[in-house]
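Hello,

Here is the structure I promised to hand over. Please have a look at it first, and then read on for what turned up.

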Amino acid sequence: MARISIKVVAVHEDSDSICEHPTAPTGEPRDPSQCTGRRGYRINCTHCGLTGDTHGIRSNADSACQTHRSEHAAVPATT
Ligand SMILES: [Zn+2]
Ligand SMILES: [Zn+2]
């Protein structure tokens, strides 16, 4: 049975690609040639992929992450 990992990730303007680029304290990308900048945060689930809405505030994404985790916990695991 696969263990599901769910975490909050930053996403780019398109909301569909994860941003793992370094950013300055202002939130601006350190290297604009590689990074278009961040739009907000989404949930990245090893079972569902990027899922849910894009949240502008990290704490909102954190609570959505917990909700998503509990949704998985409610479904009986199949082997
Ligand atoms: Zn980026
Ligand atoms: Zn999921």
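Below are some notes on confidence, then on the strands and how they pair.

This is a predicted model, so to speak of local features a pLDDT of at least 70 is needed, side-chain atom pairs count only at pLDDT 80 or more, and totals for chains, interfaces and linings use all residues. Residues are numbered from 1 along each chain as its sequence is written, while chains are lettered from A and ligands numbered from 1 in the order in which they are written.

The average pLDDT (the predictor's confidence in each residue, from 0 to 100) is 91 for the chain, and 91% of the residues score at least 70. Helices (H or I, at least four residues) and strands (E, at least two) are DSSP runs, numbered from the N terminus. Where pLDDT is low, the predicted coordinates should not be read in detail.

Now to the sheet. It is open, has 3 strands in the order β1-β2-β3, and its pairing is antiparallel; two strands pair if DSSP finds at least two bridges between them. The edge strands, β1 (6-12) and β3, each pair on one side only. On average, neighbouring strands are turned by 35° against each other, direction ignored.

β1 and β2 are joined by 7 bridges, and V11 has G40 in β2 as its bridge partner. Strand β2 (residues 38-45) pairs with β3 over 4 bridges, where I43 is partnered by T51 of β3. These two strands, β2 and β3, form a hairpin with 3 residues between them.

Best wishes

Key:
Axes are lines fitted to C-alpha atoms, for helices over the stretch in contact, and angles run from 0 to 180 degrees between N-to-C directions.
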